[in-house]
Amino acid sequence: MLACMDVDYRPELTVAACVLFRDWADAAEASHVVERGPPAEPYEPGQFYRRELPHLLKVLATLQEPLETVVIDGYVWLDEERPGLGAHLYEALGRRVPVIGVAKTAFHSSQLAVPVLRGQSQRPLFVTAVGVDAREAAEHVRHMHGASRIPTLLNRVDRLCRDS
């Protein structure tokens, strides 16, 4: 099973969601999970993962099916020596499940991100990965369902977070 995950912060709570799907080209989810939790920790420069990681792990702990890959909204690597949220998630999962990060904006120092153009957009997504080659991960993202810049199931998980 493949999973797309996202987290939404509100003053009174944090919402984390996971959309499960079977194939990179799937247009619809197989299922989803939404978890509501306490407000996220305050943002600390260079420590963004501390805000999201606990919420992602809480959602993942509810899943019954083994995961082939997790796709997150954000970076796996900020640069060669600076792990991002995805690298921390990979470690927390015992290095058993590859993690692909899909970011909408370029991180100023990241030379590892593979730009991916989708649909008619001239603005790339920035793909980083651990446990799978970044170029292979970029091809998976390129082939995800949807005619727009953001793949259908990444939009779906984002909406689940915002609307829950």
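**Side-chain contacts**

User: How far from the centre of the ring of Tyr9 is the charged end of Arg51?

Analyst: In this predicted model, local features need pLDDT of at least 70, side-chain atom pairs count only at pLDDT 80 or more, and totals for chains, interfaces and linings use all residues. Residues are numbered from 1 along each chain as its sequence is written, and side-chain values use heavy atoms, leaving out hydrogens and water. The charged end of Arg51 sits over the ring of Tyr9 (NZ of Lys or CZ of Arg within 6 Å of the ring centre and within 35 degrees of the ring normal), and its distance from the ring centre is 4.1 Å.

User: Why does Trp24 count as buried?

Analyst: Buried means under 20% relative accessible area, exposed over 50% and partly exposed in between, with a 1.4 Å probe and protein chains only. Phe21 counts as buried because its relative accessibility is 0%. Trp24 counts as buried too, because its relative accessibility is 12%.

User: Which side chain of opposite charge is nearest to Asp79?

Analyst: Asp79, which lies in strand β5 (residues 77–79), is buried yet has no salt bridge (a side-chain nitrogen of Lys or Arg within 4 Å of a carboxyl oxygen of Asp or Glu). Its side chain reaches the backbone nitrogen of Glu81 at 2.9 Å, and a polar atom of that side chain lies 2.9 Å from the backbone nitrogen of Arg82. The nearest side chain of opposite charge, 4.4 Å away, is that of Arg82.

Note on methods. Helix = DSSP H or I, 4+ residues; strand = E, 2+ residues; numbered from the N terminus. Lys, Arg positive; Asp, Glu negative; His and termini not counted. Polar contact = N/O pair within 3.5 Å; in protein donor to acceptor, adjacent residues only side chain to side chain.
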